[in-house]
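Morning, everyone. Let me show you one model. Have a look, then I'll walk you through it.

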Amino acid sequence: MTLATRDLGIRLDGRTILDGIDLSLTRGMLTGLVGPNGAGKTTLLRALASLVAPVQGGVTLDGRALSALPRDERARRIAVLFQGGEIGWPISVREVVALGRLPHRRAFADPSAADGAAITRAMARADIAHLAERIATSLSSGERMRALLARALAVEAEWLLADEPVTALDPAHQLDAMTLLRAASREGTGVVAVLHDLALAARFCDRIVVLSGGRLLADGPPDAALSDGLLAHAFGVTAERGRAADGTGYLLPWARSGSGPEGGDCDRAGICVPGASPTE
Ligand SMILES: Nc1ncnc2c1ncn2[C@@H]1O[C@H](COP(=O)(O)OP(=O)(O)OP(=O)(O)O)[C@@H](O)[C@H]1O
């Protein structure tokens, strides 16, 4: 039930991108991966899907080295949705979503009834059923992102790793997508989403992991991980905080803090909150 890294280090083009990342992710939780541009979030997500090889440490799935698992098993167990995902061919949206079932199908086999049901379910959940027959290359950015989200959902994997799944979406679909990711986690999927919107991250995620400069800076429930000190240190911003009418706490990034990212005005030991506990 865990996807974990131990002392994970990644180098690309001779540069250290991730260094000493220790993380133990639990299914049934929505984890938000946040950090400034270039922090290493996408690289960490790629490492969690075994799409980039570590130079030190490694990634395990339920205690087994992820790199040792057959590729098709990995693809069935870990679904990925990457930012800037292009749809290269003029195929229908339903056919795009059906690609999510490939890890479940034998070569050249037609989709089974179970595949068809999973595809229909995923399209409904991503609110794209009405786009099923549209040619995917003609979709808007937000529609395309929802189609790719549906493709990832159609895998019905144990883990869903999503890189900026809401960036291109309008406010209503951002809320829908976050609600959907949280619902998927409540059904037992381990969901890890790279998010730039700290308000959405704080509101919807069970756990927040903050990366900066390739290192893990904070890890814990949103209130603890997104403290004022952390926001100043990692992002160089202040936040306004409050409570909505339904009682949910919120934070809004408000102004530059003056210290800037990596400004060093914050005690690292004071902001790390290791070991968020599952909320199953
Ligand atoms: N293939 C590559 N070769 C060399 N450097 C790379 C490669 N891919 C990423 N990087 C560098 O690694 C660092 C981390 O990149 P990554 O995309 O993981 O950051 P990120 O936190 O997802 O950023 P953003 O928020 O801007 O999307 C960046 O400095 C980037 O330029």
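Which element gives the largest share of the shell around the ligand? Helix α1, with 3 residues. Before I go on, two ground rules. This is a predicted model: local features need pLDDT of at least 70, side-chain atom pairs count only at pLDDT 80 or more, and totals for chains, interfaces and linings use all residues. Residues are numbered from 1 along each chain, as its sequence is written.

Helices (H or I, at least four residues) and strands (E, at least two) are DSSP runs, numbered from the N terminus.

Back to the ligand. The residues around it include D13, R15, K41, T42 and T43. A residue is near a molecule if its C-beta atom, placed from the backbone, lies within 6 Å of it. β2 (15-26) and α1 each supply at least two shell residues. By class, the shell has 3 nonpolar, 6 polar and 3 charged residues. Gly counts as polar here.

Now the sheet. It is open, with 6 strands in the order β6-β7-β8-β3-β9-β10 and mixed pairing. Two strands pair if DSSP finds at least two bridges between them. β6 (78-81) and β10 (215-220) stand at the edges; each has a single partner strand, so one side of each lacks a neighbour in the sheet. β6 runs parallel to β7 (159-163), joined by 4 bridges. A79 has L160 in β7 as its bridge partner.

Last, helix α1 (41-48) again. It lies across β3, β7, β8 and β9. Contact means C-beta atoms, placed from the backbone, within 7 Å.

Technical notes
Two residues are in contact if their C-beta atoms, placed from the backbone, lie within 7 Å. Axes are lines fitted to C-alpha atoms, for helices over the stretch in contact, and angles run from 0 to 180 degrees between N-to-C directions.
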